Amino acid sequence: MSQPNRFSVQRWKELSASGIFQIFSEKGIGKDGVRAAVGQFREIGRTNDDRGLTFSAVTQLASTIYCLRAFAASDTQSRYLPAAEDGTSIGGHAITESKAGSDVMNMSTTATLEGECYCLTGTKRFITNGPIASTLIVYAKTVENGIDRGLSAFLIQTDWFGVHTEKELQTAGLRGSPIGEVHLQQVRVPMTNRIGHVGAGLLILDQVMKREVLFAFAANIGEMEQLVENSVRYSNKRKQFGVSIGSNQLVANRIVETQIAIELGGALIESIAARIDGFEDLTIPVAAAKIFISEANLNATVNAIYVRGSNGYLVSSELPTYLLDAVPGAIYSGSNDLLRTKIATLLGITS
Ligand SMILES: Cc1cc2nc3c(=O)[nH]c(=O)nc-3n(C[C@H](O)[C@H](O)[C@H](O)COP(=O)(O)OP(=O)(O)OC[C@H]3O[C@@H](n4cnc5c(N)ncnc54)[C@H](O)[C@@H]3O)c2cc1C
């Protein structure tokens, strides 16, 4: 199976049938559910070549299913969860705007309370699943009776009046994961579709992002396992100077480095998943895991190409797509630069 150039409905159906979206209904949203999801995403990463699809599935489970189960009222859950959990409805979350990327609080999308509805206006960018989504969790600055109430989360349906999700952005990698713009023009959202308390948006986003990081980078661990398997096979088969290239320790070490990252990154993700519903603040370990695994994954793809020599640089080897898919790992779910800055701040380093 090779990576398709666009979202595959058939593969989404197959992934949904595997039960990945039902994991929280079976195991709960606490550590048992998170550990099970982490294990399943690692396996999906190891066995599935469509890394874009995997990323879309991570978004569905974290941004929509976890968010609804953890924070939505029971009536909202019963209206939206069944379709999200059987995969017939695709979801995503909309935070980023053209002038508000890392600086989330600079967003200009507003939700103004008018009678029984909020009126949402703004434009979101780089929204995973946006072009194929039936629902989106939109984060917006909330104004009630003229008073700024902070960031809140709202579930919108993309078939509602004033919602436009048609504009797809062409990315270099993760081609199986559609990403796009979301335009909201005075979209009327019933109060019941606000997720969680008014002003709780940042808190909700923090919890959602922690899950997104664990699932996405558990999948990266599985993807690195694929690279190791491929590189071991190739380095044993390919002969130069009359011996297999793997017998040269410089070549072997390119593979060993990836295995070290698998062991360390995999253990860190599992350890965080086991601690997720305790009282410990996991901000630093989650940021550390995200930085470590995304950068190790990028190195792993480069090393896998180098082990193959020029053959690895051929499009037909598929390895260049692994490289392009690994690059955005340092950007999404909080850029690595920003996370390093956050760790420094939490350590008490003053600027
Ligand atoms: C594949 C992919 C999927 C995505 N999916 C979603 C999604 O589903 N929903 C959504 O809302 N968004 C999504 N995004 C958007 C993503 O969250 C943003 O791109 C990210 O927050 C960074 O914002 P920016 O691109 O505007 O970069 P900017 O904020 O403009 O930053 C540019 C560079 O400057 C650095 N930088 C900026 N400020 C600082 C600072 N204070 N300290 C250190 N470095 C800094 C950054 O690290 C970065 O390298 C996705 C992005 C990608 C690539």
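A residue is buried if 20 or more other C-beta atoms lie within 10 Å of its own, exposed if 12 or fewer, and partly exposed in between, with C-beta atoms placed from the backbone. The exercises below apply this definition and others to a predicted model, in which local features need pLDDT of at least 70 and side-chain atom pairs count only at pLDDT 80 or more, while totals for chains, interfaces and linings use all residues. Residues are numbered from 1 along each chain as its sequence is written.

**Exercise 1. Contacts and distances**

Task: State which residues Ile305 and Tyr313 touch, not counting residues up to four places away in sequence.

Solution. Step 1: Two residues are in contact if their C-beta atoms, placed from the backbone, lie within 7 Å.

Step 1: Under this condition Ile305 touches Gly312, Tyr313, Leu319 and Leu323. Tyr313, in turn, is in contact with Ile305 and Pro320.

Step 2: For distances along and across the chain, consider C-alpha atoms. Those of Ile305 and Ser244, 61 residues apart along the chain, are separated by 17 Å. Tyr313 and Ile90 are 223 residues apart along the chain, and 35 Å separates their C-alpha atoms. For Arg233 and Gly246, 13 residues apart along the chain, the C-alpha separation is 9.3 Å.

**Exercise 2. Positive phi values**

Task: Describe where Asn129 and Leu174 are found, and whether each is buried or exposed.

Solution. Step 1: Asn129 has phi near 75 degrees, a positive value in a residue other than glycine. Asn129 sits in the loop between S3 and strand S4 (135-144), and counts as buried because 27 C-beta neighbours lie inside 10 Å.

Step 1: Leu174 has phi near 45 degrees, again a positive value in a residue other than glycine. The loop between strand S6 (163-164) and strand S7 (179-190) holds Leu174. With 25 C-beta neighbours inside 10 Å, Leu174 therefore counts as buried.

**Exercise 3. The nonpolar core**

Task: Identify which residues of the largest nonpolar core touch the most other members.

Solution. Step 1: A nonpolar core is a set of buried Ala, Val, Leu, Ile, Met, Phe, Trp, Tyr and Cys residues joined through C-beta atoms within 7 Å.

Step 1: The largest such core has 91 residues, and Phe154 and Phe215 touch the most other members. Helix H6 (residues 201-237) gives the most to this core, with 15 residues.

Step 2: Leaving aside neighbours within four places in sequence, Phe215 is in contact with Ala37, Val38, Phe41, Val58, Leu61 and Ala62.

**Exercise 4. Domains and the ligand**

Task: Explain why the ligand is said to lie between domain 2 and domain 3.

Solution. Step 1: The domain assignment gives domain 1 (9-89), domain 2 (92-198) and domain 3 (202-346); such bounds come from an automatic or database domain assignment.

Step 1: Between domain 2 and domain 3, 11 residues of the former are in contact with 11 residues of the latter. The side of domain 2 that touches domain 3 has 7 nonpolar, 4 polar and no charged residues. Here Ala, Val, Leu, Ile, Met, Phe, Trp, Tyr, Cys and Pro count as nonpolar, Asp, Glu, Lys and Arg as charged, and the others, Gly among them, as polar.

Step 2: The ligand is surrounded by 20 residues, the closest being Gly101, Ser102, Thr128, Ser335 and Asp337. Strand S1 (91-94), strand S3 (117-128) and helix H11 (336-346) are the elements that give two or more residues to this shell. A residue is near a molecule if its C-beta atom, placed from the backbone, lies within 6 Å of it. By class, the shell divides into 10 nonpolar, 9 polar and 1 charged.

Step 3: Domain 2 and domain 3 both give residues to the shell, so the ligand lies between them.

How values were computed:
Helices (H or I, at least four residues) and strands (E, at least two) are DSSP runs, numbered from the N terminus.
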